[in-house]
Amino acid sequence: MCGIAGIIYRDGAQDLGRDMTRMLQSMKHRGPDSTGYALFGPASKPVLVRYKLADANDPRDFDFSERLQRHRGEVEARMRELGATIESVEDETDYAYRAVLSYSGDLKQLADYLEDVPGCEVLSLGHSLEIVKDLGDAETVSEQYDLADFTGTHAIGHVRMATESDVDISGAHPYWAYPFADVAVVHNGQLTNYFQWRRRLERSGHRFQSECDSEIIAVYLAEKMGEGMTLEEAMHQSLEDLDGVFTYICVTKDALGVAKDEMAAKPLVLYESDDLVALASEEIAIRAIVDHEIDTYDPYEGEVLVWQR
Amino acid sequence: MAAVGERQISYDARGLAEPNAEVPKVSEVDGAKAVFDARDLTTRQINLELRWLLYEQGVTDVTVKNPGSKHSIGVGILTRCKITFEGSLGYFGCGLIDGPEIHITGRVGWSACENMMSGVVVIEGNAGSLTGAALRGGDLVVKGRVGARSGIDQKGGTIITLGSAGSMNGFMMQRGRQVICGDVGPGLGDSMYDGIMYVGGKVKSLGIDCVEGEWTDADTEFIERKFRIYGLGSPPELQKFVCGKKLYNYDNLEPSERKLVL
């Protein structure tokens with residue numbers, strides 16, 4: 001089933017972590033397996049990298065922590081090797097990290113080189129995007145990654161009921177649109193031409209980190225934007241190219257867009273006011289952050305809506 | 001609503017986390033009328049309270065404040081009564097009802113009034129997809145817009161929408177009527193067996209075996225009567241769509257079957 005949510009504050013940064021947690025927690029019944037956030041904090045000059053070196057439910061064999069330490073050292077060495085100055089590395093769990101780098105080189109090269117380390121997956125890369133995802137409900141993940149105090153301008157989130165692939169962090173949303181800085185996607189639905197698109201996109205040089213069909217959307221949009229399309233054009237094109245049922249939300253550093261398939265098979269409720277735009281699979285998620293009576297509507301089939309901030 | 005950071009049972013859509021919920025008995029009852037605030041009640045508590053009032057307390061007019069878009073509210077009410085929801089309902093609101101007169105001042109989510117048998121539901125706001133799915137009887141009035149597949153598998157009753165509608169309205173409709181004053185999306189009345197759809201706005205495309213019907217005096221009488229009953233003003237110019245009856249053949253047996261019968 002899965003639940004998706006998105007929010008943009010129209011007048012600057014607010015309590016993004018807290019609000020998104022409330023929205024996602026209220027939709028826990030749509031997906032209790034894992035929860036993910038793509039949060040946009042204030043734009044920073046340094047590069048923010050969120051990466052993980054193991055999965056939450058990997059077996060903890062006897063040299064697990066030693067291996068993790070070795071890989072962690074290797075990742076940091078490779079960052080320096082590419083000319084990055086590491087300002088800080090925080091370990092929020094024993095397998096997921098957040099690094100702040102002074103780096104002016106090619107981001108794809110950085111991501112590729114880091115992911116070459118065994119077990120390493122770059123969850124997000126950019127100047128303001130931070131993707132946090134883990135197993136459990138929103139409150140569990142928020143507590144684990146200390147998101148309650150995260151302030152920012154816009155975000156998307158996802159609660160997952162795993163249907164197409166395993167319950168693990170690799171299969172959790174949001175997906176970063178590798179190799180584009182500051183672009184992420186959440187998706188509710190199933191894509192039926194996944195393998196077709198996966199083969200096509202792999203041939204044009206993209207990498208896939210999971211078996212999850214939703215990852216296609218992020219990489220697809222990255223490919224189209226790489227060809228020179230705007231986000232909105234790429235989303236319109238995706239309605240033609242992707243088969244199956246879907247409602248997905250895509251965010252970039254200054255925009256948030258949503259697209260619905262031509263059957264309108266997956267729900268989306270939209271609320272717009274002077275101070276915020278909130279959208280979610282269920283109205284109850286919007287009510288979790290707005291405490292007065294509100295008027296909402298469901299966008300129609302084949303609609304693409306993009307808000308700039 | 002819980003305070004910031006306070007841990008609580010997350011929204012329990014299926015009632016599984018509270019199998020032993022009890023009637024909260026928080027209503028202010030005044031003769032045959034009752035009012036209660038649903039803000040801090042769970043889905044099961046709200047429905048138990050409604051049942052307790054309508055079936056055991058002899059109340060016939062209930063007002064529910066702050067339903068807060070919770071799912072599955074007001075379902076399975078099988079008695080004649082009046083219920084007012086001051087606010088919005090989530091998914092599956094007022095499903096499986098037989099008899100009540102329900103007024104919702106906000107909007108409803110997906111699958112509102114599913115399988116309604118009789119009664120009246122008036123929704124002031126918008127409705128989600130699958131509104132009035134498998135409707136058997138009664139009147140459903142949506143003053144806003146409806147999503148996709150309204151009246152899917154409709155078997156009777158009337159759905160009136162003042163706003164626009166999404167794709168595949170009246171999909172596999174078997175009987176009953178739909179009036180949509182605004183524009184409709186693609187695939188109107190796809191694979192319908194019977195029933196009538198009236199559309200005031202533009203039709204993006206007709207579904208398979210849905211054709212334009214011939215307007216009769218009975219249609220005018222029906223539309224005017226319904227608009228008068230619900231105070232909807234004068235009806236717009238409407239177009240009528242019916243089943244072309246090309247897609248199915250109930251009476252024509254396959255040659256092999258005919259041998260068996262004869």
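This is a predicted model: local features need pLDDT of at least 70, side-chain atom pairs count only at pLDDT 80 or more; totals for chains, interfaces and linings use all residues.
**Exercise 1.** Describe helix 1 of chain B by its extent, its buried residues and what covers them.

*Solution.* Helix 1 of chain B runs over residues 43–56, and its 14 residues reach 19 Å from the first C-alpha to the last, close to the 20 Å expected at 1.5 Å a residue. Taking 20 or more other C-beta atoms within 10 Å as the mark of a buried residue, one finds that the buried residues of this helix include B:Ile46, B:Leu50, B:Leu53 and B:Leu54. Their cover includes strand 2 (33–37) and strand 3 (61–65) of chain B. After the helix comes B:Gly58, with a positive phi near 70 degrees.

**Exercise 2.** Work out which strands stand at the edges of the sheet in chain B, and how helix 1 of chain B packs on the sheet.

*Solution.* Write down the order of the open sheet of 12 strands, which is 1-2-3-4-5-6-7-8-9-10-12-11 with mixed pairing. Strand 1 (28–30) and strand 11 (210–212) of chain B each have a single partner strand, so one side of each is left without a neighbour in the sheet. From one strand to the next, the twist averages 15 degrees. Finally, helix 1 of chain B touches strand 2 and strand 3 of chain B, and its direction makes about 160 degrees with that of strand 3.

Definitions and conventions: Residues are numbered from 1 along each chain as its sequence is written. Chains are lettered from A and ligands numbered from 1 in the order in which they are written. Helices (H or I, at least four residues) and strands (E, at least two) are DSSP runs, numbered from the N terminus. The expected span of a helix is 1.5 Å times one less than its number of residues. A residue is buried if 20 or more other C-beta atoms lie within 10 Å of its own, exposed if 12 or fewer, and partly exposed in between; C-beta atoms are placed from the backbone. Two residues are in contact if their C-beta atoms, placed from the backbone, lie within 7 Å. Two strands pair if DSSP finds at least two bridges between them. Axes are lines fitted to C-alpha atoms, for helices over the stretch in contact, and angles run from 0 to 180 degrees between N-to-C directions.
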